[in-house]
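Open the model in your viewer and keep the selection panel to hand.

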Amino acid sequence: MSFSLLRAPARRAFLSTATPRAAFRSSYRRYTTSTPPPPPPPKSSNTGLFVGVGVASLAAGAFYYYYSIASPSGADAATTAKSAAQAVKVATGFVPTKEDYQKVYNRIAQVIDDAGEYDDGSFGPVLLRLAWHASGTYDKESNTGGSNYATMRFEPESLHGANNGLHIARQLMEQVKAEFPWISYGDLWTLAGVCAVQEMAGPHIPWRAGRIDGVVANATPDGRLPDASQGPDHLRNIFYRMGFNDQEIVALSGAHALGRCHRDRSGFEGPWTFAPTTVTNDFFKLLFNERWVWKKWDGPKQLEDKKTRSLMMLPTDYSLTQDKSFKKHAKAYADDQDLWFKDFSNVLTRLFELGVPEKQFVTQDHWILKTVDEQNEKTSS
Ligand code: HEM
């Protein structure tokens, strides 16, 4: 059984920092990297809004034409269409509702869970990394980058070293895109980030639809995402450029409770926590409660916990305990998971909206999409 099938509170209780190493070992399927299994065959379209596949393809084609050819630059596209809703309507003749996005969410949740032997049994972490890397290219000075145009679809951005391994996540999302062709890639990828956090027992992440697909000219230069081998100054340079402050940098970094580093992607190796498919504040707790020593190996500089030598920290992660301002926030999050959940939720909503003009959003109010468990509870009660 996959952990994401467990109800959120149960998962959280079951998988905590205190989990003995033996239990951890037997709990997790595998601890090595593997190629993901081939994607499951697409299920029938859920939209019910298209007359048929032919119409859907035509509509998708029209949408592509509308942005990619009729309006050669994404900036033009944003001006031409006042909102993404208007754009979808032009291309497909309907405006998706919150319920339609909930259907997409539910399909992503299935994909996350259908991970078989991949990593720790969930595609959640790699999907969250996709959403973050799609958004974290934002530069507030030039107002370029961010999640609006989903430019990681294009070379050379898809080949930037920081994006190594994210083809796995992008390919997974292609299945969902085929079933819901009206959704933009930017909306799909950020929704996947929301879904990953919520389905892995994290806080609700308020989200809005409205991103549009851009063109290759909107792609960002290399070097906008953080370099894990650096320290606090580098983190500030990168995240201040996006418009975040110290507290937000630390709150965002707590995402490293999830997933792992892969030798063949970043060069680094191993998970940060004993529960890499559950959102907890364990990243912060472990930073302060364990003794971290430099790993002796032929790879890049990273730290390992002295006790079990099975966990890792990146130099950037460790710098959160070395810098006075970062440390204050990291300690607060180690002491109070609710506080981190609240701040993490707020900052993720902001991260996922970087670079999206306000007028493009289909609604002013954010939506809270329901987890699969919440929907099941409602139908069974
Ligand atoms: C603070 C600066 C950051 C640095 C230097 C950094 C660096 C890295 C590196 C080197 C990896 C390993 C990639 C691999 O080998 O597969 C990684 C993984 C990951 N990062 Fe970050 N990251 C940062 C911030 C963030 C943020 C803000 C988020 C999300 C909000 C995030 C979410 C993740 C997740 C979920 C993974 C695991 C992916 C997987 O299991 O496949 N990271 N990060």
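The stops below each give a selection and what is found there.

**Whole chain.** Begin with everything selected; the model is a predicted one. The protein chain has 16 helices and five strands. Of its 381 residues, 45% are buried. Among contacts with a separation of 6 or more, 77% join residues 24 or more positions apart.

**The largest nonpolar core.** Next, select I108, L127, L191 and A192, the residues with the most contacts inside the largest nonpolar core, which has 85 residues. To place the core in the fold, colour domain 1 (76–225 + 350–379) and domain 2 (232–344) separately: both give residues to the core, so it lies between them.

**Around L127.** Centre on L127 and show its contacts. Neighbours within four places in sequence aside, L127 touches I112, A169, A192, G193 and A196.

**Helices α11 and α15.** Now select residues 246–253 (α11) and 337–352 (α15). How do their axes cross? The angle is roughly 100 degrees, and the axes come within 9 Å. The two helices are therefore roughly perpendicular.

Show side chains for the contact residues: α11 contributes E248, A251 and L252, while α15 contributes W340, D343, F344, V347 and L351.

Definitions and conventions: Residues numbered from 1 in each chain as written. Predicted model: local features only at pLDDT ≥ 70, side-chain atom pairs only at ≥ 80, totals over all residues. Core = buried A, V, L, I, M, F, W, Y, C linked by C-beta atoms within 7 Å. Buried ≥ 20, exposed ≤ 12 C-beta atoms within 10 Å, placed from the backbone. Domains from an automatic or database assignment. Contact = placed C-beta atoms within 7 Å. Axes fitted to C-alpha atoms, helices over the stretch in contact; angles between N-to-C directions. Helix = DSSP H or I, 4+ residues; strand = E, 2+ residues; numbered from the N terminus. Parallel < 35°, antiparallel > 145°, perpendicular 65-115°, else oblique.
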